[in-house]
Amino acid sequence: MTHNRHRSKQSISTLNRRELLRLALGAGIGISSGVLGMGSAFAQRTVERLPIESKTIPSTGERVPLIGIGTARRFTVDIDDDAAMDPLREVVRQLPILGGNMIDTAPSYGNAEEVIGLLMQEFNNREEIFLATKVRQQDTADALQEIEDSFRLLQTDVIDLLQVHNLVNVENMLPILREMKQEGRIRYYGITTSFPGQYEDFERVLATEELDFIQVDYAIDNREAEERILPLARDRDVAVQTNLPFGRGRVFEAFGDQPIPEWAAEYDIDSWAQFALKYIVSHPAVTCAIPGTATLRYLEDNLGASRGRMPDEATRQRMADLIASA
Ligand SMILES: NC(=O)c1ccc[n+]([C@@H]2O[C@H](COP(=O)([O-])OP(=O)(O)OC[C@H]3O[C@@H](n4cnc5c(N)ncnc54)[C@H](OP(=O)(O)O)[C@@H]3O)[C@@H](O)[C@H]2O)c1
């Protein structure tokens with residue numbers, strides 16, 4: 001039902017800002033940049049028209065779409081509560097249909113792994129998903145148990161990416177993850193953080209260990225990772241997933257009520273979410289971003305950031321300056 005309702009809106013929502021303006025002018029209708037800048041209805045048009053862009057995981061050459069989904073907090077729901085499950089159901093069903101594939105989760109996100117496992121079963125789409133989870137136990141035996149629980153809850157024999165969450169017990173976990181990769185139980189492994197206080201240790205591990213991936217916090221108003229972590233990841237040929245791309249919603253407060261600048265349309269940006277995400281995924285070291293996405297509307301909007309033209313370096317600076325001055 002939700003899908004059909006969405007389809008019925010397509011004729012309006014697939015118009016882009018310039019097409020809408022052209023039509024409006026032809027019809028003698030004035031549309032202010034403020035109205036165009038609201039983004040929500042118009043954000044969907046890129047989803048249907050332009051191909052999803054992807055980047056390469058350096059250790060294998062496999063490509064992943066620029067935008068995935070994060071599942072912290074919003075995927076912690078009662079599985080018997082249809083009202084809570086239905087929006088998540090649509091997200092997991094539509095993610096690969098719309099051209100995305102990455103789901104990032106963790107044992108510490110309540111029952112998110114269970115929810116994702118159930119929904120992938122329901123839609124029989126496990127093979128189309130790039131499934132990333134984490135391990136975060138100080139005690140190694142507990143960590144091994146946590147990993148086995150992840151396989152069971154996610155209802156999968158292979159986890160695409162398993163990362164050491166916030167560096168917990170990293171020295172002992174990396175050899176274990178390496179072995180699991182050799183056994184074919186996981187395809188990639190890495191480390192995550194979202195705390196600048198951990199960056200020094202994070203950089204040390206990134207500089208000295210063989211890794212497929214890192215995950216780090218990076219947003220248009222949180223750019224510390226640009227200083228050393230992103231260049232180091234590039235030097236080390238490690239894929240980069242970025243977490244907290246909206247600062248848990250904080251960046252939308254920075255944008256406030258102002259319309260999206262007209263020049264953003266040159267980069268196929270139709271919403272502030274796409275503005276924030278394109279800033280991130282256009283960084284040369286970044287492989288993908290994983291915005292917390294628990295509704296179909298957010299999914300369509302966010303995936304729009306993986307389509308169309310990407311800002312160049314000068315434009316990225318302009319984008320960051322705009323937010324810094326907001
Ligand atoms: N150390 C780690 O390993 C670590 C740490 C943090 C996060 N993560 C991962 O990174 C993911 C992303 O972080 P996050 O979910 O905490 O925060 P986030 O992605 O920065 O922000 C998510 C929030 O932004 C809002 N949002 C999403 N799409 C939107 C759109 N198109 N338009 C307007 N608002 C939108 C939603 O708010 P509402 O739902 O309130 O509307 C959503 O909850 C996590 O889900 C998790 O998978 C990992």
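Biologist: With which residues is Ala 276 in contact, leaving aside its neighbours within four places in sequence?

Modeller: The model is predicted, and a contact here requires C-beta atoms within 7 Å. Once neighbours within four places in sequence are set aside, the partners of Ala 276 are Ala 219, Ile 220, Pro 245, Phe 246 and Val 251.

Biologist: Which residues touch the most other members of the largest nonpolar core, and which helix gives the most to this core?

Modeller: The largest nonpolar core holds 81 residues, and those that touch the most other members are Ile 116, Ile 214, Val 240, Ala 276 and Val 281. With eight residues, the element that gives the most to this core is helix 13 (residues 272-281).

Biologist: Which residues come nearest to the ligand, and which helix gives the most to the shell around the ligand?

Modeller: There are 29 residues around the ligand, and Gly 70, Thr 192, Asn 243, Ala 273 and Gly 292 come nearest. By class, the shell has ten nonpolar, 14 polar and five charged residues. Three residues of the shell belong to the element that gives the most to it, helix 14 (residues 296-303).

Biologist: Why is helix 14 largely enclosed by the rest of the structure?

Modeller: The buried residues of helix 14 are Leu 296, Leu 299, Glu 300, Asp 301, Asn 302 and Leu 303. Helix 14 is largely enclosed because, of its eight residues, the number buried is six.

Biologist: What is the strand order of the open sheet of eight strands, and which strands stand at its edges?

Modeller: The open sheet of eight strands has parallel pairing and the order 3-4-5-6-7-8-9-10. Each edge strand has a single partner strand, so one side of each is left without a neighbour in the sheet; these are strand 3 (69-70) and strand 10 (288-289).

Biologist: What share of the residues of the chain counts as buried?

Modeller: The secondary structure of the chain comprises 15 helices and ten strands. Among contacts between residues at least 6 apart in sequence, 80% join residues at least 24 apart. Of the 326 residues of the chain, the buried share is 42%.

Biologist: Over which residues does pLDDT stay under 50?

Modeller: The mean pLDDT of the chain is 88, and 85% of its residues reach 70 or more. The stretch where pLDDT stays under 50 has 44 contacts beyond four places in sequence in the model, and comprises residues 1-42.

Methods:
Residues numbered from 1 in each chain as written. Predicted model: local features only at pLDDT ≥ 70, side-chain atom pairs only at ≥ 80, totals over all residues. Near = placed C-beta within 6 Å. Helix = DSSP H or I, 4+ residues; strand = E, 2+ residues; numbered from the N terminus. Nonpolar A, V, L, I, M, F, W, Y, C, P; charged D, E, K, R; others polar. Buried ≥ 20, exposed ≤ 12 C-beta atoms within 10 Å, placed from the backbone. Core = buried A, V, L, I, M, F, W, Y, C linked by C-beta atoms within 7 Å. Contact = placed C-beta atoms within 7 Å. pLDDT = per-residue confidence, 0-100. Pairing = 2+ DSSP bridges.
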